[in-house]
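This briefing covers surface features and charged contacts of the structure shown below. Points are grouped by topic.

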Amino acid sequence: MRNLMNRFNTFLDKFVLPWPVRFLTFRPVILLTIALLIPLIAFANNTVLVLSLNSYLNTMSVAVSSIVLLYATISEVRQKQIAELQEKRAQEDHEHITESHIWLMQALANQHEEMEELKELIASMQGKTYARKPAQAIPDLRELHPQGAARFDENHTRKRLARHVKRNPITNGLHQDTDNNH
């Protein structure tokens, strides 16, 4: 049933809804609609004309309002998807930088160890003894992050977006559809 509704909505979005949008956003239609207010006022005594023009204006008002709401809803869903993608990308970049930093810290620890071995070798060649200096412990970068190790959790992005992105009750159904399709 959901697949059928998705196909129906895709058909409407592709072949049906662009036409009213093109018609209603066509500048001469907008000007004509505004200009219809003049005969509405000028011929206020002609009931048939006033009711006809009023019906047209009401229909246009409902159509424009519906289209604006539809596109605002679609825009909200897209903005949420963009925010999720950006947050996911930031999470991936963060993990990459963290891993790179861990490799760097390990390389520095290896260099320290090699330097200590060289110092010990040089001291033994001179007949002296050398007391090795202990290497500094490699810090746990996950704990150093301001958000702590939770920043690295699998669902961190989803939880963070849920806290900071306010959902509109009207679009909740659309959010669920997009979440289920991905």
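M1, L4, M5 and F8 together form a nonpolar surface patch with about 470 Å² of accessible area. Such patches consist of residues with over 30% relative accessible area and no salt bridge, where nonpolar side chains (Val, Leu, Ile, Met, Phe, Trp, Tyr) are joined within 5 Å and like charges within 9 Å. Accessible areas come from the Shrake-Rupley method with a 1.4 Å probe, and for residues only the protein chains shown count as cover.

The model is predicted: local features need pLDDT of at least 70 and side-chain atom pairs pLDDT 80 or more, whereas totals for chains, interfaces and linings use all residues. Residues are numbered from 1 along each chain as its sequence is written, and side-chain values use heavy atoms, with hydrogens and water left out.

**Exposure and position**

- M1 lies in the segment before helix α1 (2-16); helices are DSSP runs of H or I with at least four residues, numbered from the N terminus.
- M1 counts as exposed because its relative accessibility is 77%, the classes being buried under 20%, exposed over 50% and partly exposed in between (1.4 Å probe, protein chains only).
- L85 belongs to helix α5 (residues 47-125) and is exposed, at 58% relative accessible area.
- Between L85 and T157 the C-alpha to C-alpha distance is 9.6 Å, although 72 residues separate them in sequence.

- Side chains of opposite charge can pair when their charged atoms come close.
- A salt bridge here is a side-chain nitrogen of Lys or Arg within 4 Å of a carboxyl oxygen of Asp or Glu, and five are counted by this rule.
- D93 and R89 form one of them, at 3.2 Å from N to O.
- Both D93 and R89 are in helix α5, four residues apart, or about one turn of the helix.
- D93 is partly exposed at 34% relative accessible area, whereas R89 is exposed at 51%.

**Salt bridges to R132**

- E113 pairs with R132 in a salt bridge whose closest N and O atoms are 2.4 Å apart.
- This pair links distant parts of the chain, with E113 in helix α5 and R132 in the loop between α5 and α6 (141-144), 19 residues apart.
- E113 is partly exposed at 35% relative accessibility, and R132 is partly exposed with a relative accessible area of 35%.
- E120 also meets R132 in a salt bridge, at 3.3 Å from N to O.
- Because E120 lies in helix α5 and R132 in the loop between α5 and α6, the pair ties together parts 12 residues apart in sequence.
- E120 is partly exposed, at 34% relative accessible area.
- Through shared partners, salt bridges join E113, E120 and R132 into one network.

Technical notes: Helices (H or I, at least four residues) and strands (E, at least two) are DSSP runs, numbered from the N terminus.
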